[in-house]
Amino acid sequence: MQNNVRPADMKRINIPELAEAFIAEQVKEVREQVGDRKVLLALSGGVDSSVVAALLIKAIGKQLVCVHVNHGLMRKGESEQVIEVFRNQLDANLIYVDATDRFLDLLAGVDEPERKRKIIGGEFIKVFDEEARKLEGIDFLAQGTIYPDILESDGVKAHHNVGGLPEDMQFELVEPVRLLFKDEVRVVGKALGLPVSMVERQPFPGPGLGVRCLGAITRDRLAALRESDAILREEFAKAGLAEQVWQFFTVVPDMRATGVRDGKRAYDWPVIIRAVNTVDAMTATVPEIAWSVLMTITDRILKEVPSVCRVLYDLTPKPVGTIEWE
């Protein structure tokens, strides 16, 4: 059984030399634990699962089987980046499942936030379960559990059990970054050669864009959300804000507003920009963004994203508002 208590004398993994030593130690431990058997990993493309995947590829190569499920609610280019980095660059044993239609069909007409979350989480488990049962000789489940997960789960061993795998799927856990904090995981990811854009990826809710496409999700509003979010991220990066602002994204509500386009009355959606700074996510403040940056973002969204007629900036701190809208 793994020791889930971080040693008091464990050095902070905050420089490349310490990261390299950590990687070498974990490669040795994984090889001893796994031997010549296979390991299964749900690879979301987030920081933790990506670092675990890269570390295990270094340790056991093709013995690792990665499953990436695209539920159609990813940010622009994320699934493509997972395929490029892990299949094309790292030669991973990667199974890619495009389940977009399956998820969006189930979500059609569902506007209650918690029900949307349950549908997305439950269907992900089903898809992952189906793919796992097609495989033979899998004895281990790798997870991107990090130290805060262990502290918050009050001793629950499988905190990141892919949302709750069926109980009859008995796997031994492989959790190589379980004693690291998020900033340390990022240092290890950089030492493993992962792209900065992947290692520095912002927190992203499990339901993905499903909780930022407010109300009942439609494919056209989801497309507008994905494009406006990509523009925001691109312009924040150009302005040097990507490293200064803790989290930023766009939201598209299930409502329309009156506008004017090409000399004619339009009845289109608003896009809401949300940006916050926080230390612990329990409270959050809203940063002042230069007017010129906001105007550039607004101009691009109105010109490049169809069926959008307004761009708004959410000034609400937490509390009273939450970071996410749903």
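This is a predicted model: local features need pLDDT of at least 70, side-chain atom pairs count only at pLDDT 80 or more; totals for chains, interfaces and linings use all residues.
Local features were taken at pLDDT of at least 70 and side-chain atom pairs at pLDDT 80 or more, while totals for chains, interfaces and linings use all residues. Residues are numbered from 1 along each chain as its sequence is written, and side-chain values use heavy atoms, leaving out hydrogens and water.

Helix α3 covers residues 78–89; helices here are DSSP runs of H or I with at least four residues, strands are E runs of at least two, and both are numbered from the N terminus. Its twelve residues reach 15 Å from first C-alpha to last, close to the 16 Å expected at 1.5 Å a residue (the expected span is 1.5 Å times one less than the number of residues). E78, S79, Q81, V82, V85 and F86 of α3 are buried, where buried means under 20% relative accessible area, exposed over 50% and partly exposed in between, with a 1.4 Å probe and protein chains only. Down the axis of α3, these buried residues fall within an arc of 160°, so they line one face of the helix; the arc is that of the directions from the helix axis to the C-beta atoms. On the other side of α3, E80 and Q89 are exposed. The cover over the buried residues includes α2, β2, β3 and α8, contact being heavy atoms within 4.5 Å. Just after α3 comes D91, with a positive phi of about 55°.

Further along, β7 (257–261) and β8 (264–276) run antiparallel, joined by five bridges; strands pair if DSSP finds at least two bridges between them. R261 has K264 in β8 as its bridge partner. Two residues sit between the strands of this hairpin, and D262 takes a positive phi near 55°.

As for rings, the whole structure holds three aromatic pairs (Phe, Tyr or Trp rings, using the six-membered ring of Trp, with centres within 6.5 Å; planes under 30 degrees apart are stacked, over 60 edge-to-face, the rest tilted). One of them, Y147 with F181, is edge-to-face, at 5.6 Å centre to centre and 85° between the planes. Y147 lies in helix α6 and F181 in the loop between β5 and α7, so this pair ties together parts 34 residues apart in sequence. Y147 is buried at 11% relative accessible area, whereas F181 is partly exposed at 27%. F236 and F248 form a tilted pair, 4.6 Å centre to centre with 40° between the planes.
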